[in-house]
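I opened a new notebook page for this chain. Below are my entries, in the order I looked things up.

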Amino acid sequence: MRRTCIGAAVFLVAMAVALMAGSEGKEPPVKNVILIGWDGAGRQNVKEGLEAGYLPALQRLKDEGSLVAIDILRTTDTKAGWTQILTGYEPEKTGVFSNKRYEPIPKGYTLFERLEKFFGPSKILTAAVISKKVNMGTDGPRIVPLKKGQKAKYQVTLDGKDYEAFPGKPYFHTHGAVDIFINGLHWDKDVGKKALALIEQNKDRRFFFFVHFGEVDRKGHMFGENSSRYVDAMKSADTWTGRILDKLEALGMDEETLVYVTSDHGFDEDGVKHFDAPYVWLATNDGGVMRRGNREDIAPTIMSRFGMDLDSVEPALDGKPLTQPFTPPIW
Ligand SMILES: [Zn+2]
């Protein structure tokens, strides 16, 4: 009788452990995530860099984890791109369709805000360290008086006077909810140094960092997608990505920190613009990433690695974690 009781108890404990671990055999939540952006780095350019051996940090991530294709189905620009990557939503839910058609991302929709809410503000440090300012801005909506006879895209009339209206920038609601939000750092070295300092200062805390390098995009616009300056900028982003990986290793944090590196869009072949540049990529030390996907799949991947229940996210996420098989619905 006694033996049976012990046997049943052991069985029940084993069941409970299995249930706590999750019915899909999920791994325990990761401690930290660093999402690194190489703004404007196309897939073909990264492929060439890996083949020629001048992107050793991406190669390192590929060897340790995964490198997958990310296909963009929407506008190939900065505002649309990072909004989709940082929220997991299509533009219909965020209002951010492109660099020209946008509004502030609704309150609570970004990864930063989701994680602050999930863990509790004192239990996680969220930070954004961003190269760009114009397309990664935090300004509120504003109106500017119109001169007599002048016409504007968005116009309002107040007390008989005409004004041009400008929408708030995408991160207007977000930036106050993130512990550290810095944009306009411009140079890779300033973004990179700030990221290294944040890792060092917060090594004992749980964190989520978004680190955005902008020189690839800038050099693409200035010198073109086939220029040596564009390639140099990719090498620069790779060097700083490598320094971040080195810092994690030196502090013994590489096992507890998932690093995802991705891009918001590529460049038009041999061009200085990115009107039609939908082929990008995701490199990560997360060996569980097992399929190609879209920009909106990246936020759900990170949320699920932090242990969040994606089904409880409101409104429903458009993206799906890249760590799980997914067949898009036919309608
Ligand atoms: Zn650009």
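**Entry 1: a hairpin**

I note that the model is a predicted one. Next I looked up the strands around this pair. Strand 5 covers residues 155-158 and strand 6 covers residues 161-166. They run antiparallel, and four bridges join them. Then I checked the link between strand 5 and strand 6. Two residues lie between them, and the strands form a hairpin. In the turn, Asp 159 has a positive phi of about 50 degrees.

**Entry 2: two helices**

I moved on to helix 3 (residues 56-64) and helix 9 (residues 228-250). Their axes are 7 Å apart, and the helices pack at an angle of about 50 degrees. Helix 3 and helix 9 are therefore oblique to each other. Which residues of helix 3 meet helix 9? I found Pro 56, Ala 57, Leu 58 and Arg 60. On the helix 9 side I listed Asp 238, Thr 241, Gly 242 and Leu 245. I sorted the residues of this contact into four nonpolar, two polar and two charged.

**Entry 3: the whole chain**

Last, I stepped back. I counted 10 helices and 10 strands in the chain. The radius of gyration is 22 Å, close to the 20 Å that the globule rule gives for 331 residues, so the chain is as compact as a globular protein of that length. The C-alpha trace spans about 95 × 55 × 45 Å along its principal axes. I looked up burial too: 45% of the 331 residues count as buried. Among contacts between residues at least 6 apart in sequence, 71% join residues at least 24 apart.

Technical notes: Residues numbered from 1 in each chain as written. Predicted model: local features only at pLDDT ≥ 70, side-chain atom pairs only at ≥ 80, totals over all residues. Rg over C-alpha atoms; globule rule 2.2 N^0.38 Å. Buried ≥ 20, exposed ≤ 12 C-beta atoms within 10 Å, placed from the backbone. Contact = placed C-beta atoms within 7 Å. Pairing = 2+ DSSP bridges. Axes fitted to C-alpha atoms, helices over the stretch in contact; angles between N-to-C directions. Parallel < 35°, antiparallel > 145°, perpendicular 65-115°, else oblique. Nonpolar A, V, L, I, M, F, W, Y, C, P; charged D, E, K, R; others polar.
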